[in-house]
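Reader: I have a sequence and a structure to read. Please take me through some parts by question and answer.

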Amino acid sequence: MKKIFFICAAIAVIMSTYSCTKLDVPVESQYVKSNFPTTDADYTALLGTIYSNLSSSYAVPYWRMQDMSTDEAILPARDGNFDDGGQYRQLHYHTWTFDHPNVIGVWQWGFGGINTCNRIITVINASSSSATKKASSIAEVKAMRALYLYFMMDLYGNVPIITDFPVTTQPTNQPRAKVYEFIESELKSVLPLLPAKSNNGPTNVAQYGRPTKGMVFALLAKMYLNSGVYTGTTRYQETVTMCDSVQANTNYFLDAKYRDIFLPTNGPQINETIFAVPYDQQIPGNQFTRFGFFYYLAQAYGFNVGLSIAMSTTPEFYNRFNIPGDDRSKTWLAGPQYYPDGNGGFTNQPVYYPAPNATKQINIIPTLTLTGLKPMDLGNDVTTSQSEGVRSIKYYPDVNIIQATRLNSNDVPVFRLADIYLMKAEAILRGAAPTTINGDAQTPLTLVNKLRSRAHAELATSIDLDGLLDERARELSWEAWRRNDLIRYGLFEKEYPLPVMGGKTDDLKMNTDPTRRLYPIPSTELKTNPNLKQNPGY
């Protein structure tokens, strides 16, 4: 398996089976707090639940809350299909409520992860392991707890800070600024105990998908860049410092091919990955291709599975992919479709629609034309409405995908070096001083052009904040940062232009209230915990 450290080990008490009525048989082996965990294998088994929980919802429910609430991704209905109770249009139009399935599920996922971290810390503290082993393992767990709490703070704002296990008192909301301070303090405290990225193959494999110093620096950079949103105080120079701290480790560098970062074969060998969520057929959760591919292309691409036809991007978001030569533009299915050549390119052989349109080439267009007959519905004509909406193949389909699960092996990056470059560029544009790192005098323009050069795109001659937001869209599309970016730019509640939806209207209007920058505290939590207070606007 690609990620061996994610194997979940079973811990069992082995008992004699001489007689089902003889209850005083000797115990041949047992795990108790005095002898578990002690070995590296014990710790791998113990910590595995933190990561299995992370992968379970990161690439679908969490991703939907971050990207489908923006112009970056949309899952329209097609003749009523894929509506699923309206949950996707509620995300798109910002009309979610406190009982939306993602609002409830992601809260439970995030705080479930935090609870798991707290439980594991109590187990480690009670073990007979050496003080050094305990400290390093607890540092790893606390770093992951901080990451989970960051996700919750970013989505829900004023959330509880929970560090006890078991929880004996129902928690209360804490001000967002206080949660921010707690996360920052935790990250700084564990930083000296975490490993740095290594250029040693086996060590890099062992570190992959787990916290490192680089992950802490990247998360702090993200927090400092958004500090004005989270606390009301900007910290742009500290953003630059954290970005430089990542770059100081020269084991992080841009990979030669943009597409390689996201292929099903990605993993520890990707040099710019700082932290990723691993996936494969044994680590479920990544179904990007299931939701975002174009059904009638599956056979042409060699897949004998039923994939979806629904999720796409909006025309105005796709219009940003307009730079000559840009490899990042190739991550979308758009225009007339041809058979792939197996090397990342295409043959001259067109792919046709199925009968009765078998002589018509598949043509995917950006336009999304509402029928006006059903909410956010495009109709169901194979050659028109089903072909509307450019699809992403950034996470390229996995040859091992099977019908039963339709899971992909593409690991999903959370932090990577390209984002470090763009965060540093933005912080400088917002007032921080440029710095030189490893002999490289870095300005916003040089940082942006590093990414354009790798993508074989025409180099920029100038860059401003608006241009940088577009560059983030091109570089980081479908990586779960679009909502975060738009809120920081004050554009999250900007209404989608009417022409984006084909000029037609339905009964739905986008909620442009700024309170939508936060999701509500779920109804289920309010019912079970009267100490929680709902966010404004809900």
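Reader: Where does Arg-406 lie?

Author: This is a predicted model, in which local features need pLDDT of at least 70, side-chain atom pairs count only at pLDDT 80 or more, and totals for chains, interfaces and linings use all residues. Residues are numbered from 1 along each chain as its sequence is written, and side-chain values use heavy atoms, with hydrogens and water left out. Helices (H or I, at least four residues) and strands (E, at least two) are DSSP runs, numbered from the N terminus. Arg-406 lies in the loop between strand E7 (391-392) and strand E8 (412-416).

Reader: Is Arg-406 buried or exposed?

Author: Buried means under 20% relative accessible area, exposed over 50%, and partly exposed in between (1.4 Å probe, protein chains only). The relative accessibility of Arg-406 is 19%, so Arg-406 counts as buried.

Reader: What is phi of Arg-406?

Author: Arg-406 is a residue other than glycine, yet its phi is positive. The value is near 50°.

Reader: Which loop holds Asp-79, and what is its phi?

Author: Asp-79 has its place in the loop between helix H1 (40-67) and helix H2 (87-93). With a relative accessible area of 40%, Asp-79 is partly exposed. Although Asp-79 is not a glycine, its phi is positive, at about 60°.

Reader: What is omega for the peptide bond that joins Phe-165 and Pro-166?

Author: Pro-166 is in the loop between helix H4 (131-156) and helix H5 (176-190). The bond joining Phe-165 and Pro-166 is cis, and its omega is about -5°.

Reader: What is omega for the peptide bond from Ala-355 to Pro-356?

Author: The loop between strand E5 (346-350) and strand E6 (363-364) contains Pro-356. The bond from Ala-355 to Pro-356 is cis, with omega near 10°.

Reader: How many residues of helix H12 are buried?

Author: Helix H12 spans residues 417-429. Its 13 residues reach 19 Å from first C-alpha to last, close to the 18 Å expected at 1.5 Å a residue; the expected span is 1.5 Å times one less than the number of residues. H12 is largely enclosed by the rest of the structure, because the buried residues number 12 of the 13.

Reader: What is the relative accessibility of Lys-424, and which residues does Lys-424 touch?

Author: Lys-424 is found in helix H12. Lys-424 counts as buried because its relative accessibility is 0%. Contact means heavy atoms within 4.5 Å. Not counting residues up to four places away in sequence, Lys-424 touches Val-240, Cys-243, Asp-244, Gln-247, Thr-435, Ile-437, Gln-442 and Leu-447.

Reader: How many nonpolar, polar and charged residues are in the contact of H9 with H12?

Author: The axes of helix H9 (residues 236-247) and H12 come within 9 Å and cross at roughly 150°; axes are lines fitted to C-alpha atoms, for helices over the stretch in contact, and angles run from 0 to 180 degrees between N-to-C directions. H9 is therefore roughly antiparallel to H12, where angles under 35 degrees count as roughly parallel, over 145 as roughly antiparallel, 65 to 115 as roughly perpendicular and the rest as oblique. Ala, Val, Leu, Ile, Met, Phe, Trp, Tyr, Cys and Pro count as nonpolar, Asp, Glu, Lys and Arg as charged, and the others, Gly among them, as polar. By class, the contact of H9 with H12 has 10 nonpolar, 2 polar and 2 charged residues.

Reader: At what angle do H7 and H12 pack, and which residues of H7 meet H12?

Author: Helix H7 (residues 213-225) is mostly covered, with 12 of its 13 residues buried. H7 and H12 pack at an angle of about 30°, with their axes 11 Å apart. That angle is why H7 is roughly parallel to H12. On the H12 side the contact takes in Asp-419, Ile-420, Met-423, Glu-426 and Ala-427, and on the H7 side Ala-218, Ala-221, Lys-222 and Leu-225.

Reader: How far apart in space are Phe-291 and Ala-310?

Author: Phe-291 is found in helix H10 (residues 288-292), and counts as buried because its relative accessibility is 17%. Leaving aside neighbours within four places in sequence, Phe-291 is in contact with Val-60, Arg-64, Ser-308, Ala-310 and Met-311. Phe-291 and Ala-310 are 19 residues apart in sequence, while their C-alpha to C-alpha distance in space is 6.5 Å.
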